[in-house]
Amino acid sequence: FSATDHDVFVVPLDSNLQPQALLTIDFTNAYWSRPRIAVLEAIDRVGVVADVLPAGSTLHQVRMRQFTAGPGPIVDPVTTIDFDPTYDRLQPDVGGDVTTTPTPKFLVAYESAFAASNATDAAWALVLPSGVVNGHGYLTGPATFKRRAVVSKTCGKAGGGTEAWAIVARSEYTQPAIGQLQEWLVDRSGTVRSQGGVYSRVLTPLTDNAGSEWDVSSPTDHGNGRQ
């Protein structure tokens with residue numbers, strides 16, 4: 001809308017990929033950027049998260065807005081997932097769910113700053129279809145700067161007991177300017193799963209911080225396992 005005000009919209013498509021509507025996620029004077037989207041498939045709920053800078057503020061927040069999928073979608077009020085009066089909450093991503101039992105949830109992953117510079121945690125929040133935050137935590141690791149957490153679009157099919165969202169973030173070291181990708185598994189209860197006795201796995205060697213991009217897929221085993 002302007003240099004200081006970006007808005008967010010969603011265009012649902014039918015099975016032939018034809019646009020069905022234009023849904024407004026944000027049209028306020030807050031700056032919504034970097035939108036990400038996921039689905040609670042079994043109950044037709046869609047969640048959109050964004051990095052939000054309220055008008056007149058210098059601190060970023062993580063906000064979410066849900067809507068019902070299908071004909072006549074209804075857009076719910078905005079939910080603030082996390083904010084802080086001193087430090088930024090940045091660059092969220094969101095994963096969905098496919099189950100009806102237990103209650104399906106969204107998992108939102110984002111950066112949570114705790115110092116003026118070069119100090120951010122990778123944080124997560126479980127969000128119910130009602131918009132209520134149902135759990136919140138931080139992901140541990142050796143570095144003082146965990147950047148751009150991404151989350152798988154689902155946590156896997158319910159019933160096997162192993163289903164969990166995968167979160168990948170870059171753990172960066174300020175001196176020298178190097179880092180590596182780490183991965184964590186968070187299940188529907190908000191438990192960070194142990195993986196062979198450790199709670200995070202290092203995925204890459206240490207490399208220079210400049211220019212890195214990454215993402216994570218959803219489970220590919222459509223039974224009750226996880227790959």
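Predicted model: local features only at pLDDT ≥ 70, side-chain atom pairs only at ≥ 80, totals over all residues.
**Salt bridges**

Side chains of opposite charge can pair when their charged atoms come close. A search of the whole structure finds 12 salt bridges. Three of them are listed in the table below, with the distance between nitrogen and oxygen.

| Lysine 146 | Aspartate 121 | 4.0 Å |

Lysine 146 forms a salt bridge with aspartate 121. This pair links distant parts of the chain, with lysine 146 in strand β11 (residues 145–151) and aspartate 121 in strand β9 (residues 120–127), 25 residues apart. Lysine 146 counts as buried because its relative accessibility is 4%, and the limit for buried is under 20%.

Arginine 147 lies in strand β11 and glutamate 172 in strand β12 (residues 165–173), and the two are 25 residues apart. Glutamate 172 has a relative accessible area of 6%, so it is buried.

Strand β14 (residues 201–202) holds arginine 201 and strand β13 (residues 178–186) holds glutamate 183, 18 residues away. The two partners fall into separate classes: arginine 201 is partly exposed at 41% relative accessibility, whereas glutamate 183 is buried at 7%. Elsewhere, salt bridges that share partners join Asp82, Asp84 and Arg89 into one network.

**Surface patch and pocket**

On the surface, a nonpolar patch is formed by Phe9, Val11, Leu13, Leu17 and Leu22, which together have about 510 Å² of accessible area. Leucine 22, one of these residues, sits in the loop between β1 (8–10) and β2 (23–26). Leucine 22 is exposed because its relative accessible area is 58%, and exposed means over 50%.

The largest pocket holds about 250 Å³ of space. It is lined by 15 residues, and the closest to its centre are Pro12, Leu13, Phe67, Ala69 and Gly70. The lining consists of 12 nonpolar residues, 3 polar ones and no charged ones. Strand β3 (residues 31–40) gives the most to this lining, with 3 residues.

Arginine 34 is buried, with a relative accessible area of 17%.

Glutamine 91, in strand β7 (residues 89–95), likewise has a positive phi, near 45°. Glutamine 91 counts as partly exposed, at 23% relative accessibility.

Methods:
Residues numbered from 1 in each chain as written. Heavy atoms only, no water. Patch = residues over 30% accessible without salt bridge, like charges linked within 9 Å, V, L, I, M, F, W, Y side chains within 5 Å. Areas by Shrake-Rupley, 256 points an atom, 1.4 Å probe, with all protein chains shown as cover. Salt bridge = Lys/Arg side-chain N within 4 Å of Asp/Glu carboxyl O. Helix = DSSP H or I, 4+ residues; strand = E, 2+ residues; numbered from the N terminus. Buried < 20%, exposed > 50% of the residue type's maximum accessible area, 1.4 Å probe, protein only. 1 Å grid on protein atoms, 1.4 Å probe; cavity = no way out; pocket = protein on both sides within 12 Å on 5 of 7 lines; lining within 4 Å. Points joined across faces, edges and corners; volume = space filled by probe spheres on them. Nonpolar A, V, L, I, M, F, W, Y, C, P; charged D, E, K, R; others polar.
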